[in-house]
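Dear colleague,

Here is the structure that I promised to hand over, and below it I have written out what was found. Please read the notes with the model open beside you.

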Amino acid sequence: MAAATAPAVPEQTPKSSPPALVPFNFSEPPIIEGFNPLPRVKDETFKEKLIRKTKENPFVPIGCLGTAGALIYGLRAFNQGKTRQSQLLMRGRIFAQGFTVVAIIVGVFTTAVKSK
């Protein structure tokens, strides 16, 4: 008897699934239909932005410094027991906060009008 050879069966390789679809490339910003962002001229540092914003509306930093100053001196006067001076400085702080809020609103309004 001759040795029976098994019929050659081709080896079956497992079928690989097609690559999964990636919704978008993470290395690039997504493309949004109807939206074209303006190219950035350059990124500005914190200091450059602070100087630019202060030049655009100088009353906001003035109001912030006034508010902080009145608060600090008012708390100091309160700590020293000078209640009358403390009350006057707290009222000054409220005035300075109001001034700052009005300066912000006026700045936003003028920026909106200027851009049109």
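Helix 3 gives the largest share of the lining of the largest pocket, seven residues; helices here are DSSP runs of H or I with at least four residues, numbered from the N terminus. A pocket, on a 1 Å grid over the protein atoms alone, is an open set of points where a 1.4 Å probe fits, with protein on both sides within 12 Å along at least five of seven lines, and its lining residues have an atom within 4 Å of a point. Among the lining residues are Lys-53, Val-60, Gly-107 and Lys-114, and helix 1 (46-56) joins helix 3 as an element that gives two or more residues.

This is a predicted model, in which local features need pLDDT of at least 70, side-chain atom pairs count only at pLDDT 80 or more, and totals for chains, interfaces and linings use all residues. Residues are numbered from 1 along each chain as its sequence is written, and side-chain values use heavy atoms, with hydrogens and water left out. The mean pLDDT (the predictor's confidence in each residue, from 0 to 100) is 83 for the protein chain, and 76% of its residues reach 70 or more.

Helix 2 (residues 59-79) packs with helix 3 (residues 83-115) at an angle of about 165 degrees, their axes (lines fitted to C-alpha atoms over the stretch in contact, with angles from 0 to 180 degrees between N-to-C directions) being 8 Å apart. That makes helix 2 roughly antiparallel to helix 3, a term for angles over 145 degrees.

With best wishes

Terms used: Parallel < 35°, antiparallel > 145°, perpendicular 65-115°, else oblique.
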